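Hi everyone, thanks for making time today.

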Amino acid sequence: MICRKLEECINVELQSKSLEKCDNKNRVNCIESSDRRSEIKCEENKKKYVLENTKKNHVILYKMDGGIIVEDKSVPLNTSKCDYLFVIDDAIPTAVLIELKGVNVPKALIQLKGTFLLYKNVFCKFDRVYARAIVTSSTPNLKASPEYVNLERMIRKNYKGNIKIVEKQFNEKDIEL
């Protein structure tokens, strides 16, 4: 199941209202946190991303793979999706897509791009959208690879954001995205 109410869910969550008639049977697994805590983290298999919320904005952490997008018979096989989505409620909301990956960095880039494409109508309403890949091994020089070049160009041009690939753990301040 691919949730078609992500935009509505974000708006409702930022206004601290409950979403009525959510079709996502997996809804309890969609939102990992939604508050103003100073650090919001996601982690998987010794890879971790920590967003330092220095401005104390409301931040929603969505689980994309297995929450917003759950593979079932309605989802095409091998649908590319990232692991997490951070939504930061600033003057105009900002989004950060996170992929926690082992050694297959090109696959991580494909998964990030797949999420952008699945939800392009949602992300176009954000002020900025960023992509982060946290990988196990040292990051190879990907700046010339087609996956990196295409994703970087799309993010910069359409979403005024950037992409960063880091090894094992990444702590990032909201003011330094």
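Let's begin on the inside. The largest nonpolar core has 40 residues, and the members that touch the most others in it are Tyr62, Met64, Ile68, Leu85, Phe116, Tyr119 and Phe123. Please keep in mind that this is a predicted model. As general background, nonpolar side chains in soluble globular proteins tend to be buried together.

Let's zoom in on one of those residues. What does Phe123 contact, once we leave aside its neighbours within four places in sequence? The partners are Leu85, Ala95, Leu97, Thr115, Phe116, Val129 and Tyr159. There is also a second, separate core of 17 residues, with Tyr84, Ile88, Leu100 and Val166 among them.

Now for the sheet. Six strands make up an open sheet with mixed pairing, and the order is β1-β4-β5-β6-β7-β8. At the edges sit β1, residues 31-35, and β8, residues 163-167, each pairing on one side only. On average, and ignoring direction, neighbouring strands of this sheet are turned by 15° against each other.

Inside that sheet, take β5, residues 84-89, and β6, residues 94-101: they pair antiparallel, with 5 bridges. If you want a spot to look at, find Ile88, which stands opposite Thr94 in β6.

On to the helices. Helix α2, residues 105-118, lies across β6, β7 and β8, and runs at about 145° to β6. Helix α4, residues 146-159, packs on the sheet too, where α4 touches β7 and β8 and makes an angle of about 130° with the direction of β8.

How do α2 and α4 sit against each other, in terms of distance and crossing angle? Their axes come within 9 Å and cross at roughly 30°, and the crossing is left-handed. From α2, the residues that take part are Pro106, Leu109, Ile110, Leu112, Lys113, Phe116 and Leu117, and they meet Glu147, Tyr148, Asn150, Leu151, Met154, Ile155 and Tyr159 from α4. Sorted by class, that contact has 11 nonpolar, 1 polar and 2 charged residues.

While we are on α4, have a look at Arg156, which also belongs to that helix. Is Arg156 buried, partly exposed or exposed? Arg156 counts as partly exposed, because its relative accessibility is 46%. Between Arg156 and Tyr130 there are 26 residues in sequence, yet their C-alpha atoms are 8.9 Å apart in space.

For contrast, go to Val166 in strand β8. With a relative accessible area of 18%, Val166 falls under the 20% limit and is therefore buried. Val166 and Val12 are 154 residues apart in sequence, and C-alpha to C-alpha they are 32 Å apart.

Val12 brings us to helix α1, residues 6-14, where Leu6, Cys9, Ile10, Val12, Glu13 and Leu14 are buried. Among the elements that cover these buried residues are β1, β4, β5 and α3. After α1 comes Ser16, which has a positive phi, near 55°.

One last stop, another pair of strands. Strand β3, residues 47-52, and β9 run parallel and are joined by 5 bridges, with Leu51 opposite Glu172 in β9. Which residues of β9 are on its covered face? Phe170 and Glu172 are, whereas Gln169, Asn171 and Lys173 are on the uncovered one.

That's the tour, and I'm happy to go back to any part of it.

How values were computed: Residues numbered from 1 in each chain as written. Predicted model: local features only at pLDDT ≥ 70, side-chain atom pairs only at ≥ 80, totals over all residues. Heavy atoms only, no water. Core = buried A, V, L, I, M, F, W, Y, C linked by side-chain atoms within 4.5 Å. Buried < 20%, exposed > 50% of the residue type's maximum accessible area, 1.4 Å probe, protein only. Contact = heavy atoms within 4.5 Å. Helix = DSSP H or I, 4+ residues; strand = E, 2+ residues; numbered from the N terminus. Pairing = 2+ DSSP bridges. Axes fitted to C-alpha atoms, helices over the stretch in contact; angles between N-to-C directions. Left-handed = near helix turned anticlockwise from the far one by under 90°. Nonpolar A, V, L, I, M, F, W, Y, C, P; charged D, E, K, R; others polar.
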